[in-house]
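Colleague: I'm new to reading protein structures. Could you walk me through one, feature by feature?

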Amino acid sequence: MVFKRVLGSLGVGGPVVDTILDREPVRPGGVVRGHVRLRGGGSACDLEHLALELVAGVEAGYGGEEHEGGVAFDRLRLGDGFRLDARERRDIPFAIHIPWETPLTEVSGQPLGVVLGVRVELAAAGARDHGDPEPLIVRPLPVQEAVLGALGRLGFGLVAADLRLAHIAGTGQRLPFHQEIELTPAPQYLRDVNEIALTLLTGPDAMELVLEADKRGEGSGALGRHIVRHEGLEQRDWTGEVDSWIRALIESRATHTARDGRTNAAIAGVTAGTAAGGAVGGGMVAAGLGDALGNLARLGNLGGTGGTGGTGGTGGTGGAKGLRGSGSEEEDRG
């Protein structure tokens with residue numbers, strides 16, 4: 001797709017900018033390629049700089065409103081101090097690396113309602129203007145698919161996948177926001193927990209996974225952290241391992257509940273309300289997301305995990321067939 005923007009703040013008859021992206025989906029840590037096409041206006045124009053920005057539609061904290069105009073989370077300078085003659089046409093190729101913590105926009109073919117894009121910035125004569133963002137499609141890495149696929153096989157449901165303008169204390173988070181995937185529990189956990197929030201903070205060597213239970217319930221939620229490396233995915237029993245993480249989180253939550261003097265009856269009441277289809281407060285609830293994790297359950301039947309997806313494109317989706325093994329790091333809040 002192409003977006004065309006006459007940069008009106010640079011004057012009538014100013015430059016026209018087309019940004020053309022390769023439309024292949026990318027994975028966190030991958031590369032997006034394309035080119036910026038400049039067309040000169042009615043007269044020559046001295047351009048101070050040309051840059052690209054990665055932007056995301058992010059909420060300003062839990063339950064907050066969307067940050068107007070999006071949050072820029074990476075930037076690539078394409079040129080400084082050059083002249084664009086009248087009617088001149090110039091193509092500038094680019095390759096912009098996608099940060100490892102870039103949130104997912106699509107899971108198992110299901111859009112998550114997350115808005116990411118690449119936008120151009122052009123400055124001339126002391127004025128600066130932005131083009132409209134060109135949408136990005138970001139799909140999971142194999143390590144993310146392994147965890148999400150296990151959750152799908154265990155019976156969890158996907159409620160929402162919001163971006164939060166906040167830092168998770170005690171983690172190695174680098175971006176100013178993180179993606180929070182809200183899950184309804186599988187039937188076997190309904191008596192113990194009414195909601196689970198999942199955050200996947202991926203890096204070049206490993207992924208830091210943060211699980212939080214009953215975040216919108218009474219009291220503070222229990223927290224569990226796990227480190228999963230990219231290699232060796234096929235040697236792990238992901239369904240059993242993720243189940244053990246959830247059960248450890250439930251035990252941690254019970255400790256929090258006892259510490260706060262809450263009763264199991266009160267917990268059951270909250271759980272029953274959620275199980276009956278109670279409304280989900282805070283953040284965006286995207287229609288149709290309930291099918292996404294169900295589709296992800298099929299990832300366990302795909303062959304080979306492939307690479308870490310660092311080069312972008314559609315290669316290396318892989319799956320988690322016959323996975324065995326374990327290993328994690330846990331930590332609870334409070």
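Colleague: Let me start with a pair of strands. In β3, which residue is the bridge partner of V17?

Modeller: Good place to begin! Keep in mind that this is a predicted model. The bridge partner of V17 in β3 is L38. That pairing belongs to a set of six bridges joining β2 to strand β3 (residues 31–39), and the two strands run antiparallel.

Colleague: How do I read the two sides of a strand such as β2, and which residues lie on each side?

Modeller: Here is the general idea: in a regular strand the side chains alternate between the two faces of the sheet. In β2, V16, D18 and I20 are on one side, while V17, T19 and L21 are on the other.

Colleague: Are those faces of β2 covered or open?

Modeller: Both faces are covered. Strand β2 spans residues 16–21, and six of its six residues are buried.

Colleague: How many helices and strands does the protein chain have, then?

Modeller: The protein chain has four helices and 16 strands. Of its 334 residues, 51% count as buried. As for contacts with a separation of 6 or more, 68% of them are between residues 24 or more positions apart.

Colleague: Now for charges. How many salt bridges does the structure hold?

Modeller: There are 14 salt bridges. To read one, look for a side-chain nitrogen of Lys or Arg within 4 Å of a carboxyl oxygen of Asp or Glu. E182 and R164 form such a pair, with their closest N and O atoms 3.3 Å apart.

Colleague: Are E182 and R164 buried or exposed?

Modeller: For this you need a cut-off: buried means under 20% relative accessible area. E182 has 1%, so this residue is buried. R164 is buried too, at 2% relative accessibility.

Colleague: What about R236 and E241: how far apart are their closest N and O atoms?

Modeller: They are 2.3 Å apart, and the two residues form a salt bridge. R236 counts as buried at 10% relative accessibility, and E241 is buried at 5%.

Colleague: And R77 with D80: what do their side chains form?

Modeller: They meet in a salt bridge, 2.8 Å from N to O. Here R77 is partly exposed, with a relative accessible area of 45%, and D80 is partly exposed as well, at 46%. Salt bridges can also link up into a network, as they do among E53, R75, R119 and E121.

Colleague: Last topic: rings. How many aromatic pairs does a search of the whole structure find?

Modeller: The search finds three. To read a pair, check the distance between the ring centres and the angle between the planes; planes over 60 degrees apart count as edge-to-face. F73 and F177 have ring centres 5.4 Å apart and planes at 90 degrees, so they are edge-to-face. This pair links distant parts of the chain, with F73 in strand β5 (residues 71–84) and F177 in the loop between β12 and β13, 104 residues apart. F73 counts as buried at 10% relative accessibility, and F177 at 2%.

Colleague: Which way do the rings of W238 and W245 meet?

Modeller: Their centres are 6.3 Å apart and their planes stand at 80 degrees, so this pair is edge-to-face. W238 is buried at 1% relative accessibility, and W245 is buried at 3%.

Key. Residues numbered from 1 in each chain as written. Predicted model: local features only at pLDDT ≥ 70, side-chain atom pairs only at ≥ 80, totals over all residues. Heavy atoms only, no water. Buried < 20%, exposed > 50% of the residue type's maximum accessible area, 1.4 Å probe, protein only. Contact = heavy atoms within 4.5 Å. Pairing = 2+ DSSP bridges. Phe/Tyr/Trp six-rings, centres within 6.5 Å; stacked < 30°, edge-to-face > 60°.
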